[in-house]
Amino acid sequence: MNFLNIEYFLVAAKELNFSKAAEKLYISPQSLSTHIAKLESELGAELFYRDHPMRLTYAGEVLAKRGQEILDGKKQMLDELRDISDSKKGKLAIGVSHTRGLVFLPLVLPSFHEEYPGVDIKVLEAATSKLDAALANGDIDIMISLMPFSNENVESVELLSEEMFMLVPDKILEKYFPDNKDEILYRIQNENEISLLKDCPFLMLYSDNRVRVIADKVLNENSIKPNILLEVENIETLLELSKKGMGITFYPHSLQTYSTSKKFEGLHIVKVSYGTEQAIGVGYLKNRFLSQAAKGFINILKEAIQ
C-alpha cells in the first residue's frame, strides 16, 4: 500500500474538498484525484461520494479512522530501525508548557545537543490539554507536565515536587487595605488567611492550563469567587502585569526558583497549601517505541534537576 496515497487521502477526508486539500498539499487537484483513484483501485472500494457536498463512503470512514494508525505504525517502525542503526541520529519531539519550557529546556537542551548532535529536536510549547492530545496522537514523543498525566496509557518518570505561590502586589494591599496592610499581609503569609483577598482583582491563565486548575482549587477552598480582570496564555505576562499592581496571580515555585529576585519587585510571595503540591514528571506512551535519544533526554534532565 502506498503511504503517500494514504497521507493525501487523510487530508482530503478532513477537508472534503479536493481543491482545498490539494492547496494544503501543494499539488494540483488533478494530481490529488489521481492519487485517490489509485488508492480506491488498490482497495477495491470508493472512498468518497463525489456529489455536493462531498462525503465519505463507509469504506472512506473506515480508512479515515485507521489510516493515521497505519502512518503512525510506519513512523514507529522507521524510528526503531533508525535507532538500531544509529542511536545518535533521528528525531525527538518534546512537548512542554510555556511555563515549564522556560525552566527545563535551558537545563537540558545544551547538554543533550552536545551528546546527540545528529538528533533533530522539535519542541511544542502549548497548554496541557493540547500536549495531552499531541502525545496521544504521536505528534510528540515525550511530555513534561504536572503529574498524574490524564492519559492512563502514559508511563511517567517523576522529576521534582512543585509548589504553587500566590503573588500579591504591594499596590493591591495599599489600595484594598490602606489602614492595616501589614497586618493583612502577615495573616495571609503566616496564617494562610487567603479568604481576606476575596474582594481583590485576579489575573489568571486560561482554564486549560494546570496552573489555573490549581489556582481555581485554592480559591474555591477559600470561598473566593474571584474578580478575574484578565485571562492570558503566558504566565510571564501575568507576572509583569501583577508587578504593575493590576491584580493577584499564581506562579509555580520551579519558575520562581530559577528567576532573579528583581523579577518579583513590588510583589509579596505567598505559599498556598490545600494540597497544591504536585509532582512534575516526564511522560511517554507505554505502547510506543521510545528511542535511545528520548531515554538520553530523560536521563540528562533528571541529572540536571538533581
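Author: H1 passes H2 in a right-handed crossing, where right-handed means that the near helix is turned clockwise from the far one by less than a right angle, and left-handed anticlockwise. Helices here are DSSP runs of H or I with at least four residues, numbered from the N terminus. The model is predicted: local features need pLDDT of at least 70, side-chain atom pairs count only at pLDDT 80 or more, and totals for chains, interfaces and linings use all residues. Residues are numbered from 1 along each chain as its sequence is written, and side-chain values use heavy atoms, without hydrogens and water.

Reader: At what angle do H1 and H2 pack?

Author: Such angles run from 0 to 180 degrees between N-to-C directions, and axes are lines fitted to C-alpha atoms, for helices over the stretch in contact. For H1 (residues 3–15) and H2 (residues 18–25), the angle is about 130° and the axes are 8 Å apart. The two helices are therefore oblique to each other; under 35 degrees counts as roughly parallel, over 145 as roughly antiparallel, 65 to 115 as roughly perpendicular, and the rest as oblique.

Reader: Which residues of H1 and H2 meet?

Author: Contact means heavy atoms within 4.5 Å. From H1 come Tyr-8, Val-11, Ala-12 and Glu-15, and they meet Phe-18, Lys-20, Ala-21, Lys-24 and Leu-25 of H2. Six residues of this contact are nonpolar, none polar and three charged. In this scheme Ala, Val, Leu, Ile, Met, Phe, Trp, Tyr, Cys and Pro count as nonpolar, Asp, Glu, Lys and Arg as charged, and the others, Gly among them, as polar.

Reader: How many salt bridges does the structure hold?

Author: A salt bridge is a side-chain nitrogen of Lys or Arg within 4 Å of a carboxyl oxygen of Asp or Glu. There are 14 in the structure. In one of them, Glu-183 and Arg-187 meet at 3.6 Å, N to O. Both residues lie in helix H8 (residues 181–191), four residues apart, about one turn of the helix.

Reader: Which residues are linked in a network of salt bridges?

Author: Asp-170, Glu-174 and Lys-181 are linked in this way. Between Lys-181 and Glu-174, the closest N and O atoms are 3.8 Å apart. Glu-174 counts as partly exposed, because its relative accessibility is 43%.

Conventions. Buried means under 20% relative accessible area, exposed over 50%, partly exposed in between (1.4 Å probe, protein chains only).
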